[in-house]
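Colleague: I would like to learn how to read this model feature by feature. Please start with the charged side chains.

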Amino acid sequence: MSAEQSIFKQGENCWATSQASFATPLIDCGNYYKALHSAILKAKHSIFIVGWDIDSRIRLLRGEDEANSEAPSVVSDLLAWKAEQNPDMKIYLLRWDSSLAFFAQREMWAKEVWDEKTPDNVLTELDDTIPMGGSQHQKIIVIDDELVFSGGMDISTNRWDTRDHPIESEERNGPDGPYTPLHDVQIVSAGPVVERFAELVRWRWLRVAEEKPIAIREEAETDLDSPVPASWPDGFEPWFEKVDCALARTIPFMDEVEPVQEVRHMLLDLISEAERVIYIENQFTSRQEIAEALNRRLKEKPELHVIIVSSYEPKGKFECEAFWAGRIEFKKILEKDIEPERIIMSYSSITDEHGQHATKRIHSKVMTIDDRYAVIGSSNISNRSMSLDTEIDLVLFGNNDTNRRQIARIRDDLLAEHTGRTVDQVSAIMQEPNPARALMEGQLAHGYVLTQVRDEIFTSQESGKNFFSSLSDPEEPLIPPIPGLNGEATPVRNPRRRTIMVGIGVLVIAALAATLLLASHFIPWLSTDNINAFLEESRGTYFALPTVLLVYVVGGFFFFPVTVMSLAVSAIFGPVWGPLYGIMGALLSSASMFGVGKLAGNAGLRKIGGPKVAAVDEKLKTSGIVGVAAIRMLPIAPFSLVNLVAGISSIGLMQFLTGTFLGMFPPMIAKGLVGDSITQIFRNPSPETISYLVGGIVLWGLMIWGSQKIAKRYQESKQLEKTKGEECVA
């Protein structure tokens, strides 16, 4: 079989075809980080890291490997150490300048942190060129232009795990505490294919950075005693040699870039080639087009079986109603008019002899087509991965018998991990007439096993599927391209740090959410208990901040007390994130109602509010930012009424929001102590938690008292200046 017989078509289902002289899958993050550490130690020329996240705090080594290493384990220390050893080396870090949706999950001030921790030859940029609603999802590390890591893994929190995935592990501990077992797959490759990746990372770098990156090296260094390149990681033997491959991308609408959907076309073409077994493990399966293609191929090939492994439980409301509700529909389409025993849609879990239970979170993005093709990449089977996020998948082609055996080995090795079997046992099962049914039979009682998903226990799909999908799994940017002068679509350019676009996007989302919730008779839901429950569902998920923002905006429209919302947020998210989330929600709610005030008009609101409106308006006009701050600390009128009146007063939006921040953030911190202390008292009553509560209440009172004094003195000074001015005129 030759490369010409593959389905690879440059410009259609792939960006480039090439060959990997050597390649090895790295299964689970413990192996990936260990291999990465080894390769970084050997680097001499350059390192490019492009990722959804690059967290400076991550330890690459654990246990004995960490104890025995002479080089630092923490990635920022390691890169700084390497850069100081070799001042001529260049290290480039390109991390997604993420949206507010991931605020709590990621390292704050990432560029500043990296710049502070590393010398000048380590360059860091935040990629802000992705359209609103999309993400930088490619995960690529190129070492010396001779070695590349690619796949589903980032250098990020809550990723590290070992292949045995113990139910409990001291090393599986993230910023929010322990996390459950997590499975992922990366691949390390060498040879001609690395040049394509080297071109890609440099293209990405030049889109955001002013400094031109170092040129690609023409020849890789080799060790005369070893056929692999000099930077190949120790302890990881190549699985593949001289394997033909292709690179498939998703590139969304961006400035001066033609969008491509090579990943989408590649997956559809691969499915159309399947004969016996399609194996998929993926974080999400919500793309209906892929389900339709699988169903169509199952009908064309009666001997074909489809095995899918994904996660069990969703994280939060948005993931539940977008991806898990989407998986229900995906499963219906996939199984339509197909014998049930030919399809497995499953999750991997374990219950040990002591009754302890755990489910494995699947983060990998892998597909094998018989023993002919293997995909290891960054793309989820979701709408956003097909068109909106930046993605890169490496597709291996079984161009000879040895490489075909290795493709089958990838599938069998992964299934062995998920079903508590050996690789040889799974290989034998794959040769049976019905491998899917055989795979589900005879699994170990106290090892990891596959179980068919039953997503109906998580969602009934009755809570606004289109709304949640449009936010979490969209196909198009939340802000669409703007028509250009020639009638062509010109992508929206996100300003540096995307401050303006984030604000506009959040306001659009808030408006859509408010409209939907109002139409769904949301008012009875707006109670303290229901708000607490709604916020609690989002705690520890990617959607925590959007949920808080949604509550503040909707609560603002219905004049729900802002103090109650702030205490609830602080109680659930703690004394640090609670006030931060709370002030963001309060500012967004203020801006939203300010806009409503502008639209509603002066006369109408005065009739509704009467003397209270007039009093607030007068304070805003005469005292500006300080007056707004004083009103926020002294609740002389309801929070939402102040926002509405501000919209019709002479004060500007930025003045108003600045005063709101100055007036609300200090007491928000105090409320954070109060709210968190109330929670701690219920969970663990003690003199310490009670003292925190009392201290928070006292601090709250002192801030209100202090604001009264400041506001009074400011007003007196203003009046004095006015009097002196009148005397001078007289």
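Colleague: How many salt bridges are there?

Modeller: A salt bridge is a side-chain nitrogen of Lys or Arg within 4 Å of a carboxyl oxygen of Asp or Glu. By this rule the chain has 36 salt bridges. Keep in mind that this is a predicted model, where local features need pLDDT of at least 70, side-chain atom pairs count only at pLDDT 80 or more, and totals for chains, interfaces and linings use all residues. Residues are numbered from 1 along each chain as its sequence is written, and side-chain values use heavy atoms, with hydrogens and water left out.

Colleague: Which residue forms a salt bridge with E211?

Modeller: K90 does, with the closest N and O atoms 3.8 Å apart. E211 lies in the loop between α5 and β11 (240-251), and K90 in strand β3 (residues 90-96), so the pair ties together parts that are 121 residues apart in sequence. Helices (H or I, at least four residues) and strands (E, at least two) are DSSP runs, numbered from the N terminus.

Colleague: What is the N to O distance between R297 and E275?

Modeller: Their side chains form a salt bridge at 3.5 Å, N to O. R297 sits in helix α7 (residues 288-300) and E275 in the loop between α6 (262-271) and β13 (277-282), so the bridge ties together parts that are 22 residues apart in sequence. R297 counts as buried, at 11% relative accessibility. E275 is partly exposed, at 37%. Salt bridges with shared partners also build one network from D28, R163, K360, D413 and E417.

Colleague: Where does the charged end of K360 sit?

Modeller: A charge sits over a ring if NZ of Lys or CZ of Arg is within 6 Å of the ring centre and within 35 degrees of the ring normal. The charged end of K360 is over the ring of Y448, 4.4 Å from its centre. R409 lies over the face of W239, 3.6 Å from the ring centre.

Colleague: How many aromatic pairs are there?

Modeller: Rings of Phe, Tyr and Trp (its six-membered ring) pair if their centres lie within 6.5 Å; planes under 30 degrees apart count as stacked, over 60 as edge-to-face and the rest as tilted. The count is 13 aromatic pairs. Take F8 and Y373: their ring centres are 5.9 Å apart and their planes at 65 degrees, so the pair is edge-to-face. F8 lies in the segment before β1 (16-27) and Y373 in strand β19 (residues 373-377), so the pair ties together parts that are 365 residues apart in sequence. F8 and Y373 are both buried. Ring pairs link F8, Y373 and F397 into a cluster.

Colleague: Which residues touch the most other members of the largest nonpolar core?

Modeller: A nonpolar core is a set of buried Ala, Val, Leu, Ile, Met, Phe, Trp, Tyr and Cys residues joined through side-chain atoms within 4.5 Å. The largest core has 51 residues, and I140, V142, F197, I307 and L415 touch the most other members. Helix α5 (residues 193-208) supplies the largest share, 8 residues. Contact means heavy atoms within 4.5 Å. Not counting residues up to four places away in sequence, F197 touches I140, V142, V148, S150, L247, I392 and L394.

Colleague: How do I read the inner side of a helix?

Modeller: An α-helix has 3.6 residues a turn, so residues three or four places apart point the same way. In helix α3 (residues 75-85), the buried residues are V75, S76, L78, L79, A80, K82 and A83. The buried residues of α3 pack against α1 (29-42), β2 (46-51), β3, α4 (110-117) and β4 (122-127).

Colleague: What is I333 in contact with?

Modeller: I333 lies in helix α8 (residues 316-335) and is buried, at 17% relative accessible area. Leaving aside neighbours within four places in sequence, I333 contacts Q288, A291, E292 and N295. I333 and A291 are 42 residues apart in sequence and 5.9 Å apart in space, C-alpha to C-alpha.

Colleague: And the whole chain?

Modeller: The chain has 22 helices and 23 strands. Of its 730 residues, 57% are buried.

Notes
Buried means under 20% relative accessible area, exposed over 50%, partly exposed in between (1.4 Å probe, protein chains only).
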